[in-house]
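Subject: Structure handover

Hello,

Here is the structure for you to look over. My notes follow below it.

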Amino acid sequence: MINFFIKTYGCQANVADSQAISNFLTNLGCKKVEIEQQADLILINTCAIRAKAEQRFFSYLGVLAIIKKDKKHLKVGIIGCVASYRQKEIRRRFDHVNFVFGAKENLFELQTLLSDFVLKIQMLKQFVSDQIQNSLVSFDKRPPSLKLLRTRRTSGEKLPNAVRGEPVEPYEQSKSLLLGGFKNNKKEFKQSYVNIMTGCNNYCSYCIVPFTRGREKSYLLNLILERVKRDVQNGAKEVVLLGQNVNSYKDPQTGANFATLLKKVAQVDGEFWVRFVSPHPKDMTKDVLYVMSENKEKLCGFIHHPLQSGSNKILQAMNRTYTVEQYLEQIDWIREILPDATISTDIIVGFPGETEKDYFETRKVMEKVKFDNIFSFIYSPRKYTKAATFKDDCSAKIKSERLEALQSRQVEICYDLNNCHVDKILKSLVEKRLANGKLLARTAGNHRVLFDSDEEKNGNFVNLKIEKSGAVNIFGYLIE
Ligand code: 5AD
Ligand code: SF4
């Protein structure tokens, strides 16, 4: 049996890819383990969006060198966004890395590569165990070539189908690797991550994604629908549609847009919720909101709508191609068409040229919209991007102060907004049991609700009466 471990950094697209790879390897007969030391194959799915994520990956890679010293047959593979744009450097600098496969390369090739590595590891393990058995009679420790091993191999563990050259539904597997994976671990609810597209054409001036994931490419609507149907039949209670810019989705066959895709996904039979991330304000249209309002039982009233900055000057420098006024108009559409929807956003502080005035314009938008959640980041210069050539005139200290003040204010806003739920009954989907013994459920609006129950209810829709709230969690009890 070959054990694999997969470490994932970054966004949900990476989570989806890792999930698909885990499913692929499991189908090959490998076993997923939670501890690196138990693994024969370690994959690291990397993120390049900010320097910090990249630094964490490189220090983790250092730790793996130590593990690899004691385990000769261990193979280490680097995939994802850093693998995309620092491929040569990783190969040159790290002897203990066996393969590097970037996020914009052909996923079909990754399948072949993984199958080959599984085969190699299997043979090396066999060789080591043969050596141990023969050590009393043989002093020849030279490993024979893999080709020789192939012919010598007589007994030992049964090789998985695909490795033996009998493909396990190759078409099915290719599709699932392409679209991301179905999360089916026993401890959590079943969730379907579906990449509806890959890449990005927007070239926001700060963002490395167009360089690491390549040009935008939508996947076939029929393929996506087939995946959703199959995952729902297999028990998925939540479907998350993923793309860097979902509302520019366009079916390559029919030209159908994102609103049509959403409508068709909502028509799939079964009790499940649908979320999507992320739209881009430049492509936001009301038809998506209307489809959401007509299909509320399936399509969650939750929109992640990335603002990035509240200053038109900075938005322009970011190449976001919308104005604050247009963004706020879209917020009005959401409030009007989906009055109960929650709205979250992404904000970058300390972009080159951001003055105190620009920063306070962002804070003003926060006060106007009162986002349910904000993911906020300090600007991180990224190689190849246009903004990396801009003069970064804001000190690290000021950037941190701006971020901290923005986040503190958001905690207050979250606290007030969450407080409005007290005494309400909220339908929620149970995700998992937390370390503190409570069950975690999520509302359609993406609020975290914690409650007590001895029964395992993962994947159940429950009604929870809200008793109290905090900035991050709200607390309730089960209503039958
Ligand atoms: N620096 C800081 N934040 C960034 N993001 C993308 N690139 C950068 C960068 N260079 C943020 C944006 C994006 C989110 C996924 O990450 O806010 O929406
Ligand atoms: Fe990056 Fe902008 Fe594309 Fe989002 S839309 S992935 S921020 S370039």
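Which exposed residues does the face of α13 turned away from its buried side carry? They are Glu-325, Asp-332 and Glu-336.

Conventions, briefly. This is a predicted model, where local features need pLDDT of at least 70, side-chain atom pairs count only at pLDDT 80 or more, and totals for chains, interfaces and linings use all residues. Residues are numbered from 1 along each chain as its sequence is written, while chains are lettered from A and ligands numbered from 1 in the order in which they are written.

Helix α13
Helices (H or I, at least four residues) and strands (E, at least two) are DSSP runs, numbered from the N terminus. α13 covers residues 324-337. Val-324, Tyr-327, Ile-331 and Ile-334 are buried in α13. They fall within an arc of 75° seen down the axis, so they line one face of the helix. The arc is taken over the directions from the helix axis to the C-beta atoms. Among the elements covering them are α11 (286-294), β13 (342-349) and α14 (356-369).

Helix α2
α2 has 19 residues, 51-69. Glu-54, Phe-57, Leu-61, Leu-64 and Lys-68 are buried here. They cover an arc of only 65° around the axis, which puts them on the same side of α2. Gln-55, Ser-59, Gly-62, Val-63 and Ile-66 are exposed on the other side.

Strand β4
Six of the six residues of β4 are buried, so the strand is largely enclosed by the rest of the structure. Lys-75, Gly-77 and Ile-79 point one way; Val-76, Ile-78 and Gly-80 point the other. β3 and β4 run parallel, joined by six bridges (strands pair at two or more DSSP bridges). Ile-79 is the bridge partner of Asn-45.

Ligands
The shell around ligand 1 has seven nonpolar, two polar and three charged residues. Among its residues are Arg-50, Asp-346 and Arg-382. The shell around ligand 2 has six nonpolar, four polar and no charged residues. Cys-200, Asn-202 and His-280 are among them. A residue counts here if its C-beta atom, placed from the backbone, lies within 6 Å of the molecule. Ala, Val, Leu, Ile, Met, Phe, Trp, Tyr, Cys and Pro count as nonpolar, Asp, Glu, Lys and Arg as charged, and the others, Gly among them, as polar.

Best wishes

Key: Expected span 1.5 Å × (residues − 1). Buried ≥ 20, exposed ≤ 12 C-beta atoms within 10 Å, placed from the backbone. Contact = placed C-beta atoms within 7 Å.
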